[in-house]
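Dear colleague,

I am handing over the structure we spoke about, and I would be glad if you could look through it with the notes below beside you.

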Amino acid sequence: MGEVLRTEGVCRYFGGLKAVENVSMTVNSGQIFGIIGPNGAGKTTFFNVCSGIYKPTKGRVYLCGRDISNMRPETISRLGITRTFQSMQLFKFMTVLENVKIGCHKGTKSGIFDAIFHTGRYKRDEEYVTRKSLETIEKAGLTKYAYTMAGSLPYGIQRRVEIARALATDPEILLLDEPAAGMNPMETVDLRKFVQELNRNGQTILLIEHDMKFVMNCCHNILVLNFGKKICEGTPEVVKKDPEVQAAYFGSGMIGGEVLNHA
Ligand SMILES: Nc1ncnc2c1ncn2[C@@H]1O[C@H](COP(=O)(O)OP(=O)(O)OP(=O)(O)O)[C@@H](O)[C@H]1O
């Protein structure tokens, strides 16, 4: 079980504000790894450093042992980190297949010239992209929706389409930013099963999630941030019992403390 993503002393400052301070963690191959913490703890900022949207002010990020700290997001994505965003990023007036094809196109070489003149390379890429996208759609259990307009699907299914699009490039690690946000309890359970199934099929996953039940029920390992710093890293059992974690959630006045106990 080798390491897929590792950070070493990652810091990210915004002027005088230390949004992320000295965070080290290791995500191993085959894990579902969760990042939790009260509002403003630095989760999104840390995620953005891992996917290259922000450069670390200090510290390093490694993907499969390779230093990606100063690489551009497109390069990092090509090397194997794909992510979804907190808010839905689907093209609502395009079909599920067309949406997934967009994710898949990121891995092909043909450009505008090839597309306009329908070169051999373009045709080969198109065939590959369609085949690969349909395969991914099948793996995501979305075959019956392949030709349906994305915007007309229930919210939970749209989320799945978004994840399928991210999967189309066969990433080394899939980053999910609050996948259960805005979902009802039934949709959340469905999504958790879906994430677990992807993981059983070998996908390594890193996710941020506020829904404590979701995190505690599916993550193998959890990193807890508070005021930009790591306060705990371990299995759900370890995290739940950790006094500093409990204090952080109760202290924040969030329902988190309560949820932590019931998760
Ligand atoms: N681009 C930015 N410029 C300045 N400050 C920022 C920026 N992005 C985040 N911050 C600050 O950094 C801190 C951490 O924010 P971040 O969004 O990473 O936390 P979070 O744990 O994801 O919060 P939430 O759970 O509310 O999404 C906050 O104080 C936030 O105001």
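What follows is a description of the domains, the surroundings of the ligand, the sheet and a few individual residues.

Please keep in mind throughout that this is a predicted model.

I begin with the overall division, in which domain 1 comprises 1-80 together with 171-263, while domain 2 covers 90-170. Where the two domains touch, the contact draws 11 residues from domain 1 and 10 residues from domain 2. On the domain 1 side, the elements that supply two or more residues are β7 (173-177) and α7 (185-200), and of the contributions to that side the one from α7 is the greatest, at 4 residues. By class, this side of domain 1 is made up of 7 nonpolar, 2 polar and 2 charged residues.

The ligand has a shell around it that consists of Phe14, Leu17, Ala19, Gly37, Asn39, Gly40, Ala41, Gly42, Lys43, Thr44 and Thr45. Two elements, β2 (17-28) and α1 (43-50), each give two or more residues to this shell, and α1 gives the most, with 3 residues. Sorted by class, the shell holds 4 nonpolar, 6 polar and 1 charged residues.

Turning to the sheet, 4 strands are arranged in the order β2-β1-β4-β5, and they form an open sheet whose pairing is antiparallel. The edge positions belong to β2 and β5 (66-67), each of which has a single partner strand, so one side of each remains without a neighbour in the sheet. Strand β1 (residues 3-14) is joined to β2 by 8 bridges, with the two strands running antiparallel.

Asn22, which lies in strand β2, has a phi near 60°, a positive value in a residue that is not a glycine. Is Asn22 buried or exposed, or does it count as partly exposed? Because Asn22 has 15 C-beta neighbours inside 10 Å, it counts as partly exposed, given that a residue is called buried at 20 or more such neighbours and exposed at 12 or fewer. Glu178, found in the loop between β7 and α7, likewise has a positive phi, of about 45°, although it is not a glycine. Glu178 has 20 C-beta neighbours inside 10 Å and therefore counts as buried.

Finally, helix α6 (residues 155-167) has 13 residues and reaches 19 Å from its first C-alpha to its last, which is close to the 18 Å expected at 1.5 Å a residue. Its buried residues are Arg159, Arg160, Val161, Glu162, Ile163, Ala164, Arg165, Ala166 and Leu167.

With best wishes

Conventions: Residues are numbered from 1 along each chain as its sequence is written. This is a predicted model: local features need pLDDT of at least 70, side-chain atom pairs count only at pLDDT 80 or more; totals for chains, interfaces and linings use all residues. A residue is near a molecule or strand if its C-beta atom, placed from the backbone, lies within 6 Å of it. Ala, Val, Leu, Ile, Met, Phe, Trp, Tyr, Cys and Pro count as nonpolar, Asp, Glu, Lys and Arg as charged, and the others, Gly among them, as polar. Domain bounds come from an automatic or database domain assignment. Two residues are in contact if their C-beta atoms, placed from the backbone, lie within 7 Å. The expected span of a helix is 1.5 Å times one less than its number of residues. Two strands pair if DSSP finds at least two bridges between them.
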